[in-house]
Amino acid sequence: MERMEKILLERNWQDLEKLVLVSSKKAIRTLVNRIYIKDGLGFWRAVEALGVASALAEEQKKDSSVELVRRYFWSLNEESGGNAWNAAEAIGSIMASNPKECGHFNWMLANLLEDESLQEGTLWGLLNLSINAPEVVDPLVERVYPFLEARDVNQRGLAVWIFSLMKACPSAKERWEIEEELHKTLIQDQEMAEIYWEGEYYHFPVSELLGKEIVTFYAREYKQADFTWNISVASSQKGLCWVGLGTPEKEEGELRTWVQKRVPGSLVIPRALPNQKVMEQLEDYFSGIRQEFNLPLDPRGTDFQLKVWEELCRIPYGETRSYGEIAQNIGNPKGQRAVGLANNKNPIAIIIPCHRVVGKKGDLVGYASGLDHKVRLLNWEAAHRHQ
């Protein structure tokens, strides 16, 4: 228990992973016992750690997260309720960390909103799910809506933030509208909601949460033949908004600067799950088995930049186009230089394939991540084009 407390104090998930690898059951049992004690920041970090640990355990033993969620729901049905203390927070954390395995419990989680003692924890869990797996939360709109008028400011703030995140999802946008008169009330609501988020308590005016977006950031390495790529990806609720080829530290710094300009007021957090599909498709690309990407994109730029980037996506795998050809195709035949500048500002490398744009004579001029990267990508695609 002492070692676990140190892990929670430092929020050191690498050490938590070591404990799970030694004995996932013991690590999870320790966290389950720790969650009985609702003592502020330590409690919330234990809740978060339980989600992390359950995902690590899931990698070792399939459906272990499902079993854990079932045990929590079973404990809520016990007459004494003694084993159910703070179960809503725990269930929400496990589900958010394992949405693929546990997403089918979404209605059972939403039903906990009927119990006053479980409402805030349930809303916190639904908030995390709305980031990692919005499709799981999408059907629950009618369960969350009444909490937009909750007397408790934390519950109200959580519900508003869930609506804000869900409304940003193209597939859910229409269902998560707030009635006009209520929206007018909320936009003037300056009461402060206290919400645990990524290791700390944050205080937001309810009105600010109406437009609060989240950008999730994740970095990993990919092997491509004899070369190792550093790839950093970031996603908004609308889709992929960043792919960078520099070191994780460099890319995170540049991403945060980009977000301040393009997605002002949003939070940037390190999280793998919302970027999982992106990572899988990049893995296929670098393995030579994928030539087209099937991902929702949210690049954010000027109208002209977006027009150029859309045209870049029409360049077939293994082929190139000149800056002049791109300018001609977008109806601006004298705009080669402007096309080059837009190319340089492309926030989504590889997937919006700015590496496929070359000079008039086929010379490899300009690439934000370095010409060596451009050469590797073009050579790779040329070698795998007809496979």
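**Reading a predicted chain**

Mentor: The protein chain has 20 helices and eight strands, where helices (H or I, at least four residues) and strands (E, at least two) are DSSP runs, numbered from the N terminus. This is a predicted model, in which local features need pLDDT of at least 70 and side-chain atom pairs count only at pLDDT 80 or more, while totals for chains, interfaces and linings use all residues. Residues are numbered from 1 along each chain as its sequence is written, and side-chain values use heavy atoms, with hydrogens and water left out.

Trainee: How do you know that the radius of gyration of the protein chain agrees with a compact globule?
Mentor: The radius is taken over C-alpha atoms, and the globule rule is 2.2 Å times the number of residues to the power 0.38. For 387 residues a compact globule would come near 21 Å, and the protein chain has 23 Å, so the two agree. Along the principal axes, the C-alpha atoms fill a box of roughly 80 × 55 × 30 Å.

Trainee: Why is C354 called buried?
Mentor: Buried means under 20% relative accessible area, exposed over 50%, and partly exposed in between, with a 1.4 Å probe and protein chains only. C354 has a relative accessible area of 5%, and is therefore buried. In the protein chain as a whole, buried residues make up 53% of the 387 residues.

Trainee: What makes S24 buried?
Mentor: Its relative accessible area is 17%, so S24 counts as buried. S24 lies in helix 3, residues 24–35.

Trainee: Which residues does C354 touch, not counting those up to four places away in sequence?
Mentor: They are L312, N343, N346, Y367 and K374, where contact means heavy atoms within 4.5 Å. C354 itself sits in the loop between helix 19 (336–344) and strand 8 (357–358). For S24, leaving aside neighbours within four places in sequence, the contacts are L19, A57 and Q60.
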